[in-house]
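Hi everyone, thanks for coming. Today I'd like to walk you through the salt bridges, so let me put the sequence and structure up on the screen.

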Amino acid sequence: MHSTKQSSTAVRDQGGAAKTAPPGPPPSRGRRPSRWLAWGFLAPVTLYLIAFYAYPLFRNVELSLREYTVRSFVQGGAPFAGVDNYRTVLTDPAFGPTLAHTLIFTAASLTFQFSIGMALALFFHQHFPLSRTLRALILVPWLLPLIVSASTWSWLLNSDSGLVNAALGVVGIDPVNWLTSPGWSLTSVIIANIWIGIPFNLVVLYSGLQGIPVEMYEASALDGASSWQRFWRITFPLLRPVSTITLLLGLIYTLKVFDIVWVMTRGGPTGSSATLATWSYRLGFGNMLPEFGPGAAIGNLLIVMALIAGLVYIRIERRQHLR
């Protein structure tokens with residue numbers, strides 16, 4: 001049988017020289033259909049990203065680099081302005097306070113949303129009776145449209161007929177002008193945004209807690225670790241990847257929050273609760289003479305801030321993997 005195999009692999013010509021067998025059939029081209037199939041699956045996603053992300057981003061950058069009026073916005077022909085719109089925004093006296101409001105609004109919202117969401121996730125992780133029902137009820141603010149939530153809080157914080165001032169009056173505290181006072185308007189929209197964002201943090205952090213092995217808690221309990229030690233040494237380190245992505249998504253969402261602030265205070269009074277998002281909208285659509293260029297420039301500044309946050313997240317993740 002060995003000689004048969006040798007004779008099949010080599011053929012002797014008339015001169016006695018060994019001649020290799022002719023090559024077999026060409027490799028199958030069955031990979032091409034699978035490759036085209038893969039591109040077919042990617043095509044809808046690619047078209048979606050181009051239509052709803054790439055083109056609007058390009059259009060916004062183009063708006064910020066030209067001097068658009070209502071007429072040129074419709075008919076075209078806006079003159080090139082370079083970075084003049086960015087210079088106009090950065091040198092505007094309202095830029096400093098508005099940026100400060102945006103940072104305070106974002107930092108306060110993220111801090112309380114994450115802290116309360118973590119506490120509720122740990123609470124519901126105990127799996128007590130009716131825990132599922134209560135967890136579902138807490139998700140209601142997250143499921144409601146933002147305009148509905150903002151209108152609800154506007155009614156609750158109304159100076160004359162709001163339930164919050166009515167409750168304060170019961171305990172002997174004078175009514176507070178939550179929405180019409182420069183000292184309280186920003187606090188009011190922060191409270192509403194915290195209430196809306198807590199369910200998201202609860203859902204994500206609770207899912208992360210489900211992935212921590214119960215044996216680790218049992219072993220630490222046998223070693224005599226307290227509840228705080230178990231949280232700080234086991235729960236918090238193992239939840240770090242989930243916590244990081246939760247804070248990143250919350251940061252990106254909070255930076256662009258517009259509906260809540262606009263419905264509740266419209267950025268007022270006297271700009272005391274204005275953020276970069278509401279300022280951009282006011283410049284582009286809230287004036288008799290719209291300033292599309294500066295409004296688009298503010299929108300691009302928000303995008304840059306979100307990109308910086310994303311780069312910081314990627315850097316943190318790389319350091320964690322290197323460890």
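Let's start with arginine 59, which makes a salt bridge to glutamate 62, with 2.9 Å between the closest N and O atoms. Please keep in mind that this is a predicted model. Why can these two pair up along the helix? Both sit in helix α2, which covers residues 31–64, and they are 3 residues apart, so about one helical turn separates them.

Arginine 66 has a relative accessible area of 28%, which makes it partly exposed.

Next, please look over at helix α4, residues 84–90. There, arginine 87 is bridged to aspartate 84, and the closest N and O atoms come to 2.6 Å. The spacing is again 3 residues within one helix, so arginine 87 and aspartate 84 lie about one helical turn apart. How accessible are the two partners? Arginine 87 is partly exposed at 46% relative accessibility, and aspartate 84 is partly exposed too, with a relative accessible area of 34%.

Stepping back, which residues are joined through shared partners? Arg59, Glu62 and Arg66 are linked into one network. In total, the count is 3 salt bridges.

That's my tour, and I'm happy to go back to any of these on the screen.

Methods
Residues are numbered from 1 along each chain as its sequence is written. This is a predicted model: local features need pLDDT of at least 70, side-chain atom pairs count only at pLDDT 80 or more; totals for chains, interfaces and linings use all residues. Side-chain values use heavy atoms; hydrogens and water are left out. A salt bridge is a side-chain nitrogen of Lys or Arg within 4 Å of a carboxyl oxygen of Asp or Glu. Helices (H or I, at least four residues) and strands (E, at least two) are DSSP runs, numbered from the N terminus. Buried means under 20% relative accessible area, exposed over 50%, partly exposed in between (1.4 Å probe, protein chains only).
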